[in-house]
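Me: I would like to learn how to read strands, helices and a ligand shell from a model. Where do we start?

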Amino acid sequence: MDDDAPDEAFTDLRTRHLGGWGVVQIAAGTGLAVYAMWVGVLQPGFRRVPLKLQVPYIPASKAQVKNVMTLMRGRTGDLVDLGSGDGRIVLEAYQHGFSPAVGYELNPWLVRLARFHAWRAGCHGKVSYRQEDLWKVDLSKCKNVTVFLAPSVLSLLQKKLQVELPDDALVVAGRFPFPDWSPCRIEGQGVDRAWAYSMQAQRQHTSQKNGNLRPTVNDSDYKLVQE
Ligand SMILES: C[S@@+](CC[C@H](N)C(=O)[O-])C[C@H]1O[C@@H](n2cnc3c(N)ncnc32)[C@H](O)[C@@H]1O
């Protein structure tokens, strides 16, 4: 038997140049792997969501979660995270006394991951992660709402929240502020920053501006995603 054979093979590999075809094969393989990852892991649940409303999964940083919770200090009762990702905000909210703490998330893998994190933290059955489209959730009884979504969807979400939430609701947005609302408090710096909005103050501000007209959301505004 030739003991040197593996060494020779490695030396051969190291010295052999890839060439144009090799580079094409590696690029194609990488592209395919990224596509498979997108379709199989990140995209499920979003097939019926219009492209302009699709928001990718980016988990909140630890500082961001802390800032969101600081702005929620003094609040009690329920909390809803719209687009809950791996569930970290919901879990933290429950650990800060919010109950029921509920996350709405379209991606089934993230819903599973969130449930796993809750189980690992000893909170199985205490928090709730629902695989639902946030645009279809009825928010009329929610007192505390958190969001970390792309700026491109925040103006539409603003309308939905303003139509549905009760006056005593508080909304906290992480990383990106709502484009037309005035925050009552801001916490943190840079990408970890969070903004708090009192619904009542927001409504007063809007009605003064629009002569007591309540905003309406047309069906066409978020005609989405019907199954
Ligand atoms: C930027 S991540 C934020 C995740 C989490 N809230 C956090 O702070 O770590 C946005 C999340 O919203 C989810 N999402 C986007 N559009 C959604 C929709 N229409 N319904 C439910 N979830 C949605 C995405 O899958 C993604 O996990």
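Reply: Start with pairing: two strands pair if DSSP finds at least two bridges between them. This is a predicted model, and in it strand E1 (residues 79-82) and E2 pair in the parallel sense over four bridges. In that pair, Val 80 stands opposite Val 102 in E2.

Me: Which strand do four bridges join to E2, running parallel?

Reply: Strand E3 (residues 127-130) is joined to E2 by four bridges, and the two run parallel. Here Val 102 stands opposite Ser 128 in E3. The chain gets from E2 to E3 through helix H5 (residues 108-120), in a right-handed β-α-β crossover. E1, helix H4 (residues 88-95) and E2 also make a right-handed β-α-β unit.

Me: Where do the side chains of E2 point, and are they buried or exposed?

Reply: In a regular strand the side chains alternate between the two faces of the sheet. In strand E2 (residues 101-104), Ala 101 and Gly 103 point one way, Val 102 and Tyr 104 the other way, and all are buried. Over the whole chain of 227 residues, 31% count as buried.

Me: What elements does the chain have, and in what pattern?

Reply: There are seven helices and seven strands. Along the sequence they follow the pattern α-α-α-β-α-β-α-β-β-α-β-β-β-α.

Me: How do I check the span of helix H6?

Reply: Compare the expected span with the distance between the end C-alpha atoms. At 1.5 Å a residue, the 14 residues of H6 (residues 151-164) should span 20 Å, and the end C-alpha atoms are 20 Å apart, so the two agree.

Me: Why does Gly 188 count as partly exposed?

Reply: Burial is read from a neighbour count, and a residue is buried if 20 or more other C-beta atoms lie within 10 Å of its own. Gly 188 has 19 C-beta neighbours inside 10 Å, so Gly 188 counts as partly exposed. This glycine is in the loop between strand E6 (185-187) and strand E7 (194-198). Its C-alpha atom is separated by 7.9 Å from that of Ala 63, 125 residues apart along the chain.

Me: How many residues surround the ligand, and which are the closest?

Reply: The ligand is surrounded by 23 residues, the closest being Tyr 57, Ala 60, Gly 83, Gly 85 and Leu 134. By class, the shell divides into 14 nonpolar, five polar and four charged residues.

Terms used. Residues numbered from 1 in each chain as written. Predicted model: local features only at pLDDT ≥ 70, side-chain atom pairs only at ≥ 80, totals over all residues. Buried ≥ 20, exposed ≤ 12 C-beta atoms within 10 Å, placed from the backbone. Right-handed = clockwise from strand over helix to strand, strands pointing away. Near = placed C-beta within 6 Å. Nonpolar A, V, L, I, M, F, W, Y, C, P; charged D, E, K, R; others polar. Expected span 1.5 Å × (residues − 1).
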